[in-house]
Amino acid sequence: MRIALIKGDGIGVDVSEATMAVVETALQKTGHAKPSYDEIHAGAGYFRDTGSDIEADGEKRAEEADAIFLGAIGLPSIRHADGTEISPHLRLRDAFGLYAGVRPVKAYPNAPQRLADPRASGIDLVILRESTEGLFYSAATHNRSLVVNDEEVQDILRITRKTTTKLHEFAFNLARKRRERGSSGKLTCVDKANVFTSLAFFRQLFDEVKARYPDVDVGYNYVDAQALDLVRKPWEFDVLVTENMFGDILSDLAGGLVGGMGMAACAEIGDQVGLFQPAHGSAPDIMGQDKANPLAAILSGALMLDYLSEKLDDPGLADAADLINAAVDTGFSQNALRPMEFGGDMGTRAVTEQILATIQDTSAARSSASA
């Protein structure tokens, strides 16, 4: 198993190293060899030093790996001449067709909860964000905006049948999988079909795919109403599928309900390539200070193993992912995970060591039970 590892900038280095330690331990406990790593240099720091945002052959090497893991990209002090961020990861999404942006949102006991309603403790949903088109089709890195003159700039919101149909197929299959695991499996199409022709087309394609999945319960919501409902009643939702920019905004809002970006795992999946990363920024002000919360990255590592289980046809990799997810659940349930981000006393190393110890204990307990 070969992982293209892009540690990137700031705390991306810290959380990447923590995640690989956890992934390796989970693999060992399920009888798998450690992955091999192809470390690729990319990011704002690399751009500052070389004038390029990724190594010359970095994109090709990333595409050839079984999966890509990315720590974080960006530094506030380093920008392109037009003021936009250094963002090779957006170009990777586009180049590899990573249309399915998966953002799990889950409440854990003893982690901060921003809503007073006791039902908020049961938040467990997934926001599925199309990640190559929508308004991000015009992201600065792609040079697709129309700069009319110094008085006007136009960006394009692009929805295509090919990509959006694949997104909706992914969404319906995800809803089925979650239903099989005990969730409601309800799928909500989030759009602005009442205003934009492009998003009416997004909903039309959803309905076309829906006809092939009569067993999946569906709903519809306009994005402004969905933002309100994520504050009023997020526990009523299971899978949301939406356009790129809408998903970007809603996933951060939802993440804030369950602790913050330090818990925001992310998978970006295409037909052939999968990229996994924490959704938080690079936080260079705390880089190397043992303060970063590595859990978003570690949970992204579990998403990577789940993905590889299907890609490589190895169910044992899903077992390794389950070990990681169970360790996070157990750690919070026992109040053994107390990240500094949440006002706790545990830095990056302590959180990582606690996850590693819990995986060891869980694996030993399972072995004893099977014996």
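## Basis of the model

The model is predicted, so that local features need pLDDT of at least 70 and side-chain atom pairs count only at pLDDT 80 or more, while totals for chains, interfaces and linings use all residues. Residues are numbered from 1 along each chain as its sequence is written, and side-chain values use heavy atoms, with hydrogens and water left out.

## Overall fold

The secondary structure of the protein chain comes to 11 helices and 12 strands, where helices (H or I, at least four residues) and strands (E, at least two) are DSSP runs numbered from the N terminus. The radius of gyration of the chain is 20 Å, which agrees with the value near 21 Å that a compact globule of 371 residues would have; this radius is taken over C-alpha atoms, and the globule rule is 2.2 Å times the number of residues to the power 0.38. Along its principal axes, the C-alpha trace spans about 65 × 55 × 40 Å.

Of the 371 residues, 53% count as buried, a class that means under 20% relative accessible area, with exposed meaning over 50% and partly exposed lying in between (1.4 Å probe, protein chains only). The accessible surface of the chain comes to about 15,800 Å², and 48% of this surface belongs to carbon and sulfur atoms; the areas come from the Shrake-Rupley method with a 1.4 Å probe, and for residues only the protein chains shown count as cover. Among contacts with a separation of 6 or more, 75% are accounted for by residues 24 or more positions apart, a contact being heavy atoms within 4.5 Å.

## Charges and salt bridges

The chain carries 37 positive and 54 negative charges, whose mean positions are 4 Å apart. Here Lys and Arg count as positive and Asp and Glu as negative, without His and the chain ends, and the place of a charge is NZ of Lys, CZ of Arg, CG of Asp or CD of Glu. A search of the whole structure finds 32 salt bridges, each defined as a side-chain nitrogen of Lys or Arg within 4 Å of a carboxyl oxygen of Asp or Glu.

One of these joins the side chains of Glu-268 and Arg-93 (2.8 Å, N to O). Because Glu-268 lies in strand β11 (residues 265-269) and Arg-93 in helix α4 (residues 88-96), the pair ties together parts that are 175 residues apart in sequence; both residues are buried. In the salt bridge of Asp-329 with Lys-106, the closest N and O atoms are 3.0 Å apart, and the pair links helix α10 (residues 315-333), which holds Asp-329, to strand β4 (residues 100-106), which holds Lys-106, across 223 residues. Asp-329 is partly exposed at 26% relative accessibility, as is Lys-106 at 29%. A separate network of salt bridges links Asp-38, Glu-55, Asp-57 and Arg-61.

## Positive phi angles

Most residues other than glycine have a negative phi. Ala-283, however, has a positive phi near 40 degrees; this residue is placed in the loop between β12 (274-278) and α9 (295-311), and with 26% relative accessibility Ala-283 counts as partly exposed.

Asp-290 also has a positive phi, near 60 degrees, and lies in the loop between β12 and α9. With a relative accessible area of 19%, Asp-290 is buried.
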